[in-house]
Amino acid sequence: MTGHDDRSVDRYLASLDEQTVKDSETLIEMMRRISGHEPTLWNVGTIGFGTYHYQYDSGREGDGHTIGFYPRKGRLTIYLMDGTARHSELLAKLGTHSTTGYCVHIRRLSDIELPVLERIVQASYEFVESKSQDGPIRQILWKAEE
């Protein structure tokens, strides 16, 4: 993951369709409340909250967002940096979605149970924060066995 840049979240949201903006504003409010951080724009269009530092044995290091999402027309990707496998029980109650390694893909928020998503994002945030308290995270959390 590369660092965030100085492009504005508002400018990025302005480039999206009305439904995606509405859903994004709901997610921003939720993730701001969970993290206590303001949103920052990372990479092409990821809206992230909080940061953690990683440093792997390979020498690769950098910063990542603790929680975040990538809004695109007709699709929202929620990033769980600790991976989706840790949240399988709650994901079963989420509603219409699909998952890959550390991503939860949904079409729109009306397809899911928002309180369930909030519990998942809260748990993910707390887990990644706890792992980063003792210095750089030294493993790819979503690939790590817990």
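I will begin with the basis of the model and then move to the details.

This is a predicted model, in which local features need pLDDT of at least 70, side-chain atom pairs count only at pLDDT 80 or more, and totals for chains, interfaces and linings use all residues. Residues are numbered from 1 along each chain as its sequence is written, and side-chain values use heavy atoms, with hydrogens and water left out.

The chain has 4 helices and 6 strands, taken as DSSP runs numbered from the N terminus, with helices being H or I of at least four residues and strands E of at least two. From the N terminus, the order is α-α-β-β-β-β-α-β-β-α. Of the 146 residues, 45% are buried, meaning under 20% relative accessible area with a 1.4 Å probe, protein chains only.

Next, helix α2, residues 18-35. Its 18 residues should span 26 Å at 1.5 Å a residue, and the end C-alpha atoms are 25 Å apart, which agrees; the expected span is 1.5 Å times one less than the number of residues. Buried residues in α2 include Thr20, Val21, Leu27 and Ile34. The buried residues of α2 pack against elements including α1 (9-14), β2 (46-55) and α4. Just after α2, Gly36 has a positive phi of about 75 degrees.

Last, Ser124, which lies in helix α4, residues 114-132. Ser124 counts as buried because its relative accessibility is 0%. Its side chain makes a polar contact with the side chain of Asp82 at 2.6 Å. A polar contact is a pair of N or O atoms within 3.5 Å; within protein, one must be able to donate a hydrogen and the other to accept it, and residues adjacent in sequence count only if both atoms are side-chain atoms.

Definitions and conventions:
Buried < 20%, exposed > 50% of the residue type's maximum accessible area, 1.4 Å probe, protein only. Contact = heavy atoms within 4.5 Å.
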